[in-house]
Structure formats: C-alpha cells, structure tokens
Amino acid sequence: MVKHQVFIDPDKCVGCGICAKACAAHNIVIDNKRAKIRMDDCVMCGHCTAVCPKNAVTISGYDTEQIEKKEKVRLNPSDVLDVIRFRRSIRHFQRKDVPAEVIGQILEAGRLTHTAKNMQDVSFVVLEKEITRIESMAVKLFKIIKPLADLFWPMARNTKIDDHFFFFHAPVVIVILAKEKTNGILAAQNMEFVAEANDLGVLFSGFFTTTANISHKIRKALRVPKGKRIAATLVLGYPDVKFLRSVPRRQLDIIYL
C-alpha cells in the first residue's frame, strides 16, 4: 500500500494558520510563524492542501493532481430539488450505448466522493461486454432462492424471473465495491446525480447486490477483492419511458428540538 505523508514547504509557508484551523485531525500547529506537522499518523483528508493560499502543503503518494478552483461553484437549490423530485427508477431502456466519456464522468463522481476516515475504499466494476454472462449467473441463483422470497414477500410471487430480470437490457452496469457499505452508497448517490445530468436513467438493483454478495462464484467473476463487498449496483441507460409528473409522497415528518 502506498505511504502518504504531509509536507509543508517552509519557504512558501507564511504562518497564516488557515491549514491548522481546517485540519480535522488537529495535526498542524503554528510554531515560530510556520506551520508544522505534529505526527505522521494522519487521516490524510487533504484539507490542508486544499485550503493553503500559498500552495505550501502537499501530500505524497498520489498520482493525480489537484485542480485549482477558478470560481465559486453552486447549484441552483430548486433545480437540485426537482432532480430529486422527478427522479424515478428506470426499468425500460433504449437500445443505445452510453458514450465512454459519460461513463468516465459517472466514475469520477464516485472516485471524488468523501469517505469515512478518508478510507478511499471504494472501487468499481463496469459491466458492458460481460453483462449477459454475469446476469445469467445471478438469474440462475435467484431462481433457486425465489421460493423462499415468495414466503416472506407477497409481491415476489407475481414477479417473473426471466433472463433480464436484473439489468433489463441496459447497456451498462456499474457495480460499486467498498470495505464500508456507507462509503459505497454515498458514491452511488453522487454517481446517480451525474448520470441524471447526462439524461440517463438509473436503477439501484438491490436484488443483484444481494444475490451477488451471497454468491462466491459471482463475486469471483466480478473480481471482488478480499475485504470488500458489493455496496450498490447501478443499472444505467437512456430511458425508454417518460414520467410526466412527480409521485405521491407522505408529508414531511420532522421534529425540531
């Protein structure tokens, strides 16, 4: 595993203390008008590198460069709410490929997602050529366990398990892996927003996630590394159905204390 270390360039540092203020680990102090690291054991969140006005702080061991923020970036709150309000799970997709650059943007959203303790434990498996083979493996297993599901979930009795039960002819599926499930789910949510921004429809396939996690054979086919599990599965494609309005929801349930 790559070793990361925080470095502060004394020639650039002006001792302003902004990095110390932003440090979540309280690992930076101002000594003799210069910032200094207290100890090497740090979460490496990178706040110090992002906040320093003189670009005096760096973290070793990364092969990606930081991007300078040119201007304030803010989304329109009403637009964000409308994306959430009109978002629907899609199970009907056009027979149309998703461009590689769009998939790249979606994956970038997952990569950039914050993780607990800065674990950066999220990774991805993109299914395109292997969709049919992987889905067939899951369908075969799910047909075996479906009678048990029928006993506990009446709706399952009305569900037909066909060859495309999980992915619905979608052109691409992204399986999200993580050590901590919450980290993977956070990544999945950010990825969904970017997918929606590219006019894609999205389905969170809980059935596939559950089926794959209980199958050693499927996890092996997906090359899930030791210590990780499938946190979420995003089924992606251009929707072949158009929703015209939002759906009914219960009123806000909230307590102010």
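A salt bridge is a side-chain nitrogen of Lys or Arg within 4 Å of a carboxyl oxygen of Asp or Glu. By this rule the count comes to five salt bridges. This is a predicted model: local features need pLDDT of at least 70, side-chain atom pairs count only at pLDDT 80 or more, and totals for chains, interfaces and linings use all residues. Residues are numbered from 1 along each chain as its sequence is written, and side-chain values use heavy atoms, with hydrogens and water left out.

**Salt bridges**

- Side chains of opposite charge can pair when their charged atoms come close.
- Asp31 pairs with Lys36 in a salt bridge, and their closest N and O atoms are 3.2 Å apart.
- Asp31 has a relative accessible area of 38%, so it is partly exposed (buried means under 20%, exposed over 50%, partly exposed in between, with a 1.4 Å probe and protein chains only).
- Lys36 is partly exposed too, at 40%.
- Arg85 forms a salt bridge with Asp82, with 2.5 Å between the closest N and O atoms.
- Arg85 and Asp82 are about one helical turn apart because they sit three residues apart in helix α3 (residues 77-86). Helices are DSSP runs (H or I, at least four residues), strands are runs of E (at least two), and both are numbered from the N terminus.
- Arg111 forms a salt bridge with Glu108, the closest N and O atoms being 2.7 Å apart.
- Both Arg111 and Glu108 belong to helix α4, three residues apart, about one turn.

**Largest pocket**

- A pocket is an open set of points on a 1 Å grid over the protein atoms alone, where a 1.4 Å probe fits, with protein on both sides within 12 Å along at least five of seven lines; lining residues have an atom within 4 Å of a point.
- The largest pocket has 38 lining residues, and Glu65, Gln66, Ile67, Arg111 and Leu112 lie nearest its centre.
- Two or more lining residues come from each of α2 (47-51), β4 (57-59) and α4 (100-112).
- Helix α4 gives the most, with five residues.

**Nonpolar surface patch**

- Leu148, Leu151, Phe152, Trp153 and Phe207 form a nonpolar patch on the surface, with about 570 Å² of accessible area together. Areas come from the Shrake-Rupley method with a 1.4 Å probe; for residues, only the protein chains shown count as cover.
- Patch residues have over 30% relative accessible area and no salt bridge; like charges are joined within 9 Å, nonpolar side chains (Val, Leu, Ile, Met, Phe, Trp, Tyr) within 5 Å.
- Helix α5 (residues 131-152) gives the most to the patch, with three residues.
- Trp153 lies in the loop between α5 and β6 (172-178).
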